Amino acid sequence: MRKTISLTVLLISLVFFYCKKDHKIEEPEPVPSSPKKLVIDALLTNLQIPWGMAELPNGDLLFSERSGRINLLKKNETQKKNLYTGQVQQNGEGGMLGICIDPLFSTNHYVYAYETTDSNRIVRFKLENDVLTKDKVILGGIPQAQNHDGGALKFGPDGYLYVGTGDVTQGTLAQDKNSLAGKILRIDREGAPVSGNPFNSRIWTYGHRNVQGITWTHTGLMLATEHGPSGESGWIAHDEINIISPGKNYGWPLARAGTETDSLTPPLIHSGNDTWAPSGCVWLGPSSIWPNCLVVGALRGKRLLRIYIDPISKQVISQKDTLSGTFNRLRNIIENQDGSLIFGSSNVGTQGSELPEDDKIYKLHLK
Ligand SMILES: [Ca+2]
């Protein structure tokens, strides 16, 4: 059953929240230049941790559930169709993670998934006539562990595939350029390193703890989310949003956000002593619901983070919370071609989740 929630009440309560907290941000709430209201529909219920999401050129939604399933939700339909179930290891944060479609999908029909088996690996599929067929593993050997498995997977504006991995709870691997752990990788559709990569390997950047979200601004600036420490070296919180530039060292485990020295690249913004646990993210361009804004799904933060960035000066203008106190853990978010936002919850197996399958996928749009 579709559940519609008016955002009006939420926004009023958020204004109250900010006033109460004496929040410094004074930029007015962006109001779409339309008399329509922002509403949220629950598109699907009874899911198990929807993780990767991608809209197909025809408007259908392809998404993974961490347990191994890859599903299709046809545009204007209300029931998902299971296309594939992978034999993944899901005993922690691994499983069937990021999903993306090839920029040349209309001609090559390629779909890619980041999955955890005895390693983390990138698998290529073909999707034709709503049938998903495994083609081949294009990249294996990404270290895996119970936690910190990364999972971000997106094609960049340059037509190459970017992969966010995790340090698999061995921080030193993030500094080891012989390991694919704790990195952002840039590969082609066969999994090979791209000519021009900074270390003549698949590595694009290093020194990452756990990257689950990648996006680009409409001006081509690459951004990535990263989970901060949960006790390593006595550090906690300090989740990061980074501007990603090739060859740079983002510091893990030598520094947490805010303690970078020398050649270590500090984040664009970090959470300080708050915990966001930032996962998927999407950049909304000038004509989107929230213009010029990075929107991030926050797991422990239990909200959508909106971070307004000037992509020219590369400065954060303001940061706002959306749906705080309304939802539990939120994971990934994408923008559809029609301007609506699709995002998913990630509660199964966590405290407060009573049911084996109670996650949902939501659509936020103007109505
Ligand atoms: Ca860092």
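Me: Which residue in β4 is the bridge partner of Pro50?
Reply: That one is Glu65. By the way, this is a predicted model, so keep that in mind as we go.

Me: Okay! How many bridges do β3 and β4 pair over?
Reply: Four bridges, with the two strands running in the antiparallel sense. Strand β4 covers residues 61-65.

Me: And what sheet is β3 part of?
Reply: An open sheet of four strands, in the order β3-β4-β5-β6, with antiparallel pairing. β3 (50-55) and β6 (81-85) are at the edges: each has a single partner strand, so one side of each has no neighbour in the sheet. From one strand to the next, the twist averages 20°.

Me: What holds strands together in a sheet, in general?
Reply: Strands pair through backbone hydrogen bonds, and the pairing can be parallel or antiparallel.

Me: What stands opposite Pro278 in β20?
Reply: Ala298 does. The strands β19 and β20 (residues 293-298) pair over five bridges, in the antiparallel sense.

Me: New topic: where does Trp252 sit?
Reply: In the loop between β17 (240-243) and β18 (269-270).

Me: Buried or exposed?
Reply: Trp252 counts as buried because it has 27 C-beta neighbours inside 10 Å, and the cut-off for buried is 20 or more.

Me: Which residues is Trp252 in contact with, leaving aside those within four places in sequence?
Reply: Among them are Gly171, Ala174, His208 and Arg209. Asp167 is another one of these contacts. Trp252 and Asp167 are 85 residues apart in sequence, with their C-alpha atoms 8.9 Å apart in space.

Me: Zooming out, how many helices and strands are there in the chain?
Reply: Two helices and 25 strands. The chain has 367 residues, and 44% of them count as buried.

Me: What pLDDT does the chain average?
Reply: The average is 91, and 89% of the residues score at least 70.

Terms used
Residues are numbered from 1 along each chain as its sequence is written. This is a predicted model: local features need pLDDT of at least 70, side-chain atom pairs count only at pLDDT 80 or more; totals for chains, interfaces and linings use all residues. A residue is buried if 20 or more other C-beta atoms lie within 10 Å of its own, exposed if 12 or fewer, and partly exposed in between; C-beta atoms are placed from the backbone. pLDDT is the predictor's confidence in each residue, from 0 to 100. Two strands pair if DSSP finds at least two bridges between them. Axes are lines fitted to C-alpha atoms, for helices over the stretch in contact, and angles run from 0 to 180 degrees between N-to-C directions. Two residues are in contact if their C-beta atoms, placed from the backbone, lie within 7 Å.
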